[in-house]
Amino acid sequence: MLEGQYDILFEPLKIGPVTAPNRFVMMPYANGHSYLMPNGAIGIREMRAEGGWGIIGMQLSEIDPTSDLSGLPYERLWDEGDVKAHAHSVDRIHAHGALASIELAHTGIRSRGIENGYPVLGPSSLPTLKPDMPYSAKAMDKSDIKRLRQSFRAAIGRAKRADYDIAYVYASHDASILWHFLSPAYNTRTDEYGGSFDNRLRLLREVLEEAQDEAAGEMAIALRFAVHEASGPKRITCDGEGRDVVEALADLPDLWDVNISGWSADSQTARYARQGYQEDFTSFVKQVTNKPVLGVGRFTSPDIMVSQIKRGVLDMIGSARASIADPFLPNKIREGRVEDIRECIGCNVCVSVELSGVQVRCTQNPTMSEEWRRGWHPEMVPAAETPQSVLIVGGGPSGLEAALTLARAGHEVTVADKADEMGGRSLRESAIKGLASWARVRDYRLYQLQQMGNVHLYAGSELDADAVAEFEADHVLLATGALWLEDGRGRSNLAPIPGFKGNALTPDDILNGSEVSGAIVIYDDDHYYMASALAVDLAEKGHEVHLVTPLPTLSGWMGNTLEQPKVLGELLGAGVKTYPNTTATGWQAGALNVMRSDTGEALPDIAATTLVAVTNRLPETTLSDALTARGVPHRNIGDAEVPGTLQAAVYSGHRHARELLGHEPEDRIFKRERPTLFL
Ligand code: ADP
Ligand code: SF4
């Protein structure tokens with residue numbers, strides 16, 4: 001690292017009446033903790049403030065009950081009764097020298113209107129934005145508009161009383177009434193709030209002006225605005241009305257927070273977008289306004305961050321995922337410890353979990369959402385009372401994470417892996433097209449372990465029960481992983497499929513270098529990334545590929561990572577022939593026998609030379625069974641305990657290590673948020 005190379009990231013920046021201590025912003029991202037879980041949410045924010053983020057964002061907060069995101073884990077700032085909890089959160093952020101911001105929102109036709117009984121509000125009479133929900137929006141009349149403006153103003157006042165430094169007016173992600181008024185696709189009004197660009201902009205301008213008036217120079221006002229819509233009818237684009245909005249409102253907000261819309265375009269994964277992918281759309285903003293500009297782009301590299309600022313693309317670096325994966329990223333850069341950064345791998349497991357209404361989980365950071373309830377710190381592990389020896393068999397994600405956690409506590413840790421290189425599935429799968437960043441799971445942990453004197457790493461060392469027993473470690477952890485099944489048993493079909501066993505290749509075979517020849521049929525009863533990633537990879541290597549799945553859609557789970565449309569497009573582009581709603585009934589040399597999943601009607605055979613089964617995995621317990629037979633105590637961790645996602649394997653390694661250290665409650669009951677009962 002060159003002297004002063006990253007100094008620009010630590011220059012304070014004036015934003016209206018407040019000054020950010022540096023250029024790192026933890027974005028107002030959805031963290032899966034609603035207003036009913038304030039302690040856990042404060043734990044998340046406080047940890048990032050401690051880790052050096054200059055501004056800490058409160059997630060989307062409804063300004064009143066007509067913005068009804070019922071059932072989703074968001075925040076509220078409806079009335080004075082909500083101010084106290086927000087003020088406490090702000091206090092915890094200020095205690096670490098960071099500024100606190102809040103994203104105030106009315107979600108317009110993105111609202112649900114189920115819980116509160118008020119109609120969903122829109123610029124025009126429209127269906128709500130979830131086509132599968134039987135609800136519609138009321139076209140707002142003048143009194144609705146007046147009330148909405150009052151609601152925004154009142155919420156700004158409450159934000160000020162909660163001591164926020166920056167209040168956002170939110171107009172992004174196709175999830176804001178202000179955006180909905182702006183959009184010619186939604187706004188078909190004929191009054192002064194519809195029709196011309198100036199008329200459609202009127203409500204956003206009024207709300208911003210009134211926000212500034214209410215803030216009265218004591219709090220900065222930010223505008224979060226999507227300058228470009230990636231898809232949809234009558235789009236707002238960065239070379240059209242997106243730019244016009246920035247020109248029209250140029251110096252009205254104190255801070256421009258700009259991105260692209262909708263959420264799947266904003267939060268793209270590493271499989272489909274490079275770091276800094278929003279630059280082409282947002283870089284014009286700084287040419288148009290004199291106010292600071294903040295943007296996102298899955299930034300983890302300080303060099304790219306510096307480049308964005310030096311080239312005049314952005315003034316501030318916003319991060320949701322990078323701050324989830326490494327809450328201490330800014331401090332590590334400041335302290336010259338860039339190689340210690342735990343880089344986000346861009347997998348969107350965090351998004352998939354949040355969409356399930358669950359507190360956010362992260363593949364790289366097992367302590368995410370555990371800050372308050374389990375008291376886990378992302379960088380520190382309390383010292384073990386007595387240093388002991390630990391033998392870990394398997395250097396995949398779970399083995400390496402357990403090793404790091406136990407070594408940080410002071411134990412003498414040995415990791416043995418039969419493969420020539422440590423990393424297990426994170427390394428092997430990173431060879432598949434689009435999944436290169438999976439290797440970061442290994443890279444971060446391996447580098448840390450290599451720096452520690454109390455860690456011994458042995459790649460190329462297969463251990464059997466004799467070897468483990470002879471080692472006489474105080475503790476044995478088996479992180480031996482899981483193996484893909486070849487017999488066709490999957491997630492929707494629990495029985496073997498005739499002809500599969502002995503003939504099908506598995507992802508393990510392919511990743512271990514098995515030869516594939518001729519046309520390939522991949523049978524996907526797993527529904528996550530493996531089948532589609534292999535299909536594209538093999539197709540681009542010149543094979544004819546057929547992808548068959550018993551479910552109605554391909555790669556079903558990837559809707560939750562916001563990737564499914566892109567996966568389908570990629571398959572199409574690579575020439576993969578797809579067969580949804582198609583169940584395999586047998587394999588005979590040269591053909592997959594299939595039927596319709598819904599009716600059972602036989603379909604024409606699919607001719608292929610090679611069959612690849614991507615169905616389910618079973619724990620690899622050979623060593624565990626042998627040790628159990630000899631009475632050698634041990635724990636199975638990660639995929640060897642229960643096969644799952646990379647995230648689950650890392651988490652398992654961490655949890656088992658903490659349990660072994662004796663920090664976890666015996667009864668497994670961690671701290672919970674308890675609602676107040678009024679008697
Ligand atoms: P997880 O996701 O739980 O970390 P992985 O499948 O990624 O599991 O990693 C398991 C690792 O265990 C692999 O790298 C494999 O080579 C290693 N392994 C399995 N059995 C043995 C053994 N008997 N001795 C040494 N290493 C083993
Ligand atoms: Fe990044 Fe994946 Fe963690 Fe989300 S879950 S922050 S995408 S590593």
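Student: How much space lies in the largest cavity?

Tutor: This is a predicted model, in which local features need pLDDT of at least 70, side-chain atom pairs count only at pLDDT 80 or more, and totals for chains, interfaces and linings use all residues. Residues are numbered from 1 along each chain as its sequence is written, and side-chain values use heavy atoms, with hydrogens and water left out. On a 1 Å grid over the protein atoms alone, a cavity is a set of points where a 1.4 Å probe fits but cannot get out, and a volume is the space filled by probe spheres set on points joined across faces, edges and corners. For the largest cavity that space is about 90 Å³.

Student: Which element gives the most to the lining of the largest cavity?

Tutor: Lining residues have an atom within 4 Å of a grid point, and there are 14 of them here, with Cys-344, Cys-347, Cys-350, Cys-362 and Thr-363 nearest the centre. Two or more residues come from each of α11 (321–325) and α13 (349–355), where helices are DSSP runs (H or I, at least four residues) numbered from the N terminus. With three residues, the most is given by α11.

Student: Which element supplies the largest share of the lining of the second largest cavity?

Tutor: About 70 Å³ of space lies in this cavity. Its lining has 15 residues, and those nearest its centre are Arg-342, Pro-378, Glu-401, Arg-408 and His-654. Both α14 and α22 (646–660) give two or more residues. The largest share is four residues, from α14.

Student: Which pocket does ligand 1 take up?

Tutor: A pocket is an open set of points with protein on both sides within 12 Å along at least five of seven lines. A molecule sits in one if more than half of its atoms lie within 2 Å of its grid points. The space that ligand 1 takes is the second largest pocket.

Student: Which residue has a polar side-chain atom 2.4 Å from an oxygen atom of ligand 1?

Tutor: Ligand 1 is surrounded by 21 residues (a heavy atom within 4 Å). Among the polar contacts (N or O atoms within 3.5 Å), a backbone N or O atom of Ser-398 lies 2.8 Å from a ligand oxygen, and a polar backbone atom of Pro-397 lies 3.0 Å from one. The side-chain contact at 2.4 Å belongs to Asp-639.

Conventions:
Chains are lettered from A and ligands numbered from 1 in the order in which they are written. A polar contact is a pair of N or O atoms within 3.5 Å; within protein, one must be able to donate a hydrogen and the other to accept it, and residues adjacent in sequence count only if both atoms are side-chain atoms.
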